[in-house]
Amino acid sequence: MLVLGCIMGMSGATGFCQEKEIVVMTYGGVWGDSFKNNIAEPFTKKTGIKVNIVTQLTNRDGLTKLMAQKENPQIDVWTADDATHALAAERGLLTSLSEKAIPNLALSKHKGTETSAVWYTFIPGIFYRSDKVPFEPKTWEDLWDGRLKGKVAVPETVYTSARFMVVVSLINGGSEKNMDPCFSKLASLKPNIAMFYRTDAESIKFLESGEATVCAMGLLPNVYKLLEKDSPYRFVVPPKPQLIIFNNMALVKGRDPKLGSELINYMLSVEAQEAHCSAIGLIPVNKNAKAPEKLRHIVPQKWDNLYLINLDVVNQDIGKWTERFNKEIKGL
Amino acid sequence: MEKRDSTPYLFNLPALFLLGLFFVGLWWLFLISFKIGSPSGEIQSGFTLKQYVRFFGDRFYLKYLWPSFHVAALSTLVALLLGYPTAYILVRSKPGMRRFLTVALIIHFFSSYVMRMYAVMLVLGNNGIINRFLSWSSLTASPIKLMYNEFGVGVGLTLGAMPFMVFTVASVLENIDTTLESAAQSLGATEFRTFLEVTLPLSLPGIAAGIVIVFLYNMSAFVTPALLGGGHFDMISNFIYEQALELMNFPFAGAGAFSMLILTLILVFFLNQMFERMNKGISTK
């Protein structure tokens with residue numbers, strides 16, 4: 001009987017000897033390490049619920065996995081950027097979040113949507129190697145400096161949901177609704193482009209190997225640990241336009257929301273927010289959580305030029321932009 | 001009447017199951033390549049040739065096909081030129097050398113493919129061994145671009161596929177009756193002539209199998225162009241990945257995948273025909 005009960009437990013039914021488990025799909029690398037150490041393990045210690053982590057290569061990789069499992073979902077909690085969560089919600093893959101089940105939602109500075117709660121925010125900027133770049137890049141326009149010929153690594157369209165392309169459009173008088181200025185401006189960047197990257201790992205790998213000395217748009221957590229006094233790595237947040245990226249949590253439809261809500265509630269707690277954010281340089285959303293001290297020297301004190309991208313437009317047009325990017329910029 | 005033993009057929013069930021899974025996936029991909037997708041990844045019902053018209057009607061997409069064929073063919077040729085002598089030495093050398101080569105090839109074969117490509121990057125990169133040597137010897141003022149282009153991808157594909165070529169050719173070379181070579185030499189043929197007129201023609205089935213295996217392997221390469229192409233040199237698999245997993249345009253990805261599959265099968269069919277004719281020519285001599 002005991003064996004039978006265990007087998008039932010393994011197959012997903014509630015058995016008496018079954019350990020409570022939850023499956024979370026999130027990022028790998030430094031993000032995944034911090035999630036494991038600062039969220040999953042303390043959560044298990046506190047609640048006895050085991051957290052199984054499934055790694056996604058990119059936000060869209062995660063979405064594709066969920067689409068493939070739509071009829072039989074295997075993931076309870078999914079973390080991704082707000083743009084990708086919006087797409088998943090449109091496809092009916094997510095379930096509503098309840099403030100009753102997740103009381104810490106009330107403490108969040110950013111509310112998110114009905115199906116997607118903001119977990120933390122972070123800022124994109126320019127990474128560069130001070131030992132290889134002859135000047136200090138400060139603005140997005142500095143990427144076009146002739147001294148950076150063949151030195152700049154540029155993100156592919158899908159990286160951070162085309163935010164780099166929107167930035168380029170904005171500095172050339174366009175926006176996400178008018179991307180012609182983006183392509184004409186990017187075409188003039190070609191002499192400086194060393195290569196293209198599509199993942200976080202690649203964005204830093206090219207700098208480490210010396211194949212590129214500037215990463216046109218990188219995410220602070222990817223280099224956060226490298227930003228020490230004697231390190232040649234630098235991260236700069238150009239003043240105009242300023243962007244902020246929301247990373248969100250969602251419950252996958254078709255799974256029991258109880259344990260997932262419990263984990264999301266923990267992810268929003270002061271303890272988890274401070275631990276995760278201080279490990280990799282993120283900005284917490286819990287009103288009572290303190291931002292890491294080190295961030296004060298990096299994050300701008302003034303947000304006069306913050307631009308909020310219309311993600312519906314991005315999701316609608318990213319396919320067309322990718323085709324144009326491949327044709328006109330990559331010139332494959 | 002003698003009763004037939006069903007055991008061998010039962011042993012084939014797992015393989016049949018896997019084949020079934022493979023064909024179901026392929027069939028699904030084929031079906032959706034005649035549909036229309038939406039930006040959110042939804043596949044609309046109906047039948048259309050739009051994806052194929054778009055793929056073959058735009059020279060840009062064909063540009064993914066031609067470089068893929070080109071680099072796959074070139075790297076197969078180089079793998080053959082390097083792999084054949086390696087296989088020959090492997091088969092004909094003394095046990096010590098043979099053991100060394102076998103172990104080296106097995107280590108190469110079983111090491112992580114991604115790590116092998118990173119090793120290539122350490123050699124070809126701006127700060128790689130070659131560029132450091134060129135800079136140290138003052139042969140070049142600045143690093144030569146050996147990566148993030150067709151050359152880099154070609155080198156990666158060649159190295160990645162080498163064990164397939166070597167083992168395939170070696171398995172045929174091993175079965176060649178060496179008394180035929182001795183007979184040719186006893187009749188006055190030099191070693192080189194013996195190789196050209198006896199060994200090489202008899203090893204043709206191995207060469208043919210090696211070429212087909214390595215070409216197919218290289219044609220569908222994804223990791224090598226992703227790591228060594230740097231976005232400047234993408235192959236057809238990178239295009240399919242981008243469409244399916246990043247843009248969620250499964251119908252267009254399906255059309256790209258099927259176009260590649262059909263064109264590759266046609267090419268392999270002609271290659272097989274050519275090798276068969278060559279084999280017949282040799283056996284009738």
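**Exercise 1.** Find the helix that holds B:Val155, then decide whether B:Val155 is buried or exposed.

Start with the place: B:Val155 sits in helix α8 of chain B, residues 150-174 (helices are DSSP runs of H or I with at least four residues, strands are E runs of at least two, both numbered from the N terminus). This is a predicted model, where local features need pLDDT of at least 70, side-chain atom pairs count only at pLDDT 80 or more, and totals for chains, interfaces and linings use all residues. Residues are numbered from 1 along each chain as its sequence is written, while chains are lettered from A and ligands numbered from 1 in the order in which they are written.

Next, burial: B:Val155 is buried because it has 20 C-beta neighbours inside 10 Å (20 or more means buried, 12 or fewer exposed, in between partly exposed, with C-beta atoms placed from the backbone).

**Exercise 2.** Which residues does B:Val155 contact, beyond its neighbours within four places in sequence?

They're B:Val120 and B:Leu124 (contact means backbone-placed C-beta atoms within 7 Å).

**Exercise 3.** Work out which strands β7(A) pairs with.

First, β7(A) runs parallel to β8(A), joined by four bridges (pairing takes at least two DSSP bridges); here A:Val154 partners A:Phe196. Then β9(A), residues 214-219, pairs with β7(A) in parallel over two bridges, and A:Val152 partners A:Val214.

How values were computed
Contact = placed C-beta atoms within 7 Å.
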